[in-house]
Amino acid sequence: MINELTLVERIADGTLASPQEFLGSWYWAILSSGVGCAWRESIQEYCWREPEIWLSLEMCARATGLPVLIEHPEKGVLNSPEFAARCVGVTVYGYVRGDELWAIARILDSGANSILTAGAYEDTSPAVTFAPGTGARIDIDGKSLLIEPKPMLLDHICLCALGVWTRDGAPGVENTSTESTLENEKVAA
């Protein structure tokens, strides 16, 4: 018999496709963060995320329970009005896939599920806050590189058209199925 935990574990390990509809919600595999170096076009800066920090069990736990938003709030971090206007779901399971931090998102908003299914928003972007005065900036050929410290806050993950951490890889929202494959499974009562 399947329940929400076995469902998300099976999406995470690849034995079920993403997304899956289950008892009125859709469960999607989404990229929480990449590691290594990435270019942030919006602020003209490179950044470095240390794999030992971002691929740890602690970060998997921290990637669970994050609000999932449509686009980032204007000021970058979430507040009550922005939550009400943008939140479409929550991450329910954080895990490492290869050299990236992923999560399973429970999306409750039907409009957001339609947007994701259509592929209009196929990427993600995490909102991260660091303690003031931490991290280091160095100059490389006239470009700034921020070596990020351990984050103080994982604020949310937004769904967007193109995120920083996708780079040349697959999009950050995994869409390997548009139909639920749970039809023959027993649902936990």
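In the predicted model, D13 is placed in the loop between α1 (4–12) and β1 (20–22), where helices (H or I, at least four residues) and strands (E, at least two) are DSSP runs numbered from the N terminus. D13 counts as exposed, because its relative accessibility is 53%; exposed denotes over 50% relative accessible area, buried under 20%, and partly exposed the range in between (1.4 Å probe, protein chains only). In sequence D13 and R97 are 84 residues apart, whereas their C-alpha atoms are 8.7 Å apart in space. Residues are numbered from 1 along each chain as its sequence is written. As the model is predicted, local features need pLDDT of at least 70 and side-chain atom pairs count only at pLDDT 80 or more, while totals for chains, interfaces and linings use all residues; side-chain values use heavy atoms, with hydrogens and water left out.

V35 counts as buried because its relative accessibility is 8%. A separation of 6.8 Å is found between the C-alpha atoms of V35 and D99, which lie 64 residues apart along the chain.

The protein contains 5 helices and 12 strands. Its radius of gyration is 17 Å, close to the 16 Å given by the globule rule for 189 residues, so the protein is as compact as a globular protein of that length; the radius is taken over C-alpha atoms, and the rule is 2.2 Å times the number of residues to the power 0.38. The C-alpha trace spans about 55 × 35 × 25 Å along its principal axes. Of the 189 residues, 42% count as buried. Among contacts (heavy atoms within 4.5 Å) between residues at least 6 apart in sequence, 69% join residues at least 24 apart.

Strand β9 (residues 136–140) runs antiparallel to β10, to which 5 bridges join it; pairing requires at least two DSSP bridges between two strands. The two strands form a hairpin with 2 residues between them, and D141 in the turn has a positive phi of about 50°. I147 lies in β10 (residues 143–147) and is the bridge partner of A136. I147 is partly exposed, with a relative accessible area of 33%. Together with I138 and I140, I147 makes a nonpolar surface patch of about 220 Å². Such patches comprise residues with over 30% relative accessible area and no salt bridge, nonpolar side chains (Val, Leu, Ile, Met, Phe, Trp, Tyr) being joined within 5 Å and like charges within 9 Å. A salt bridge is a side-chain nitrogen of Lys or Arg within 4 Å of a carboxyl oxygen of Asp or Glu.

Terms used
Areas by Shrake-Rupley, 256 points an atom, 1.4 Å probe, with all protein chains shown as cover.
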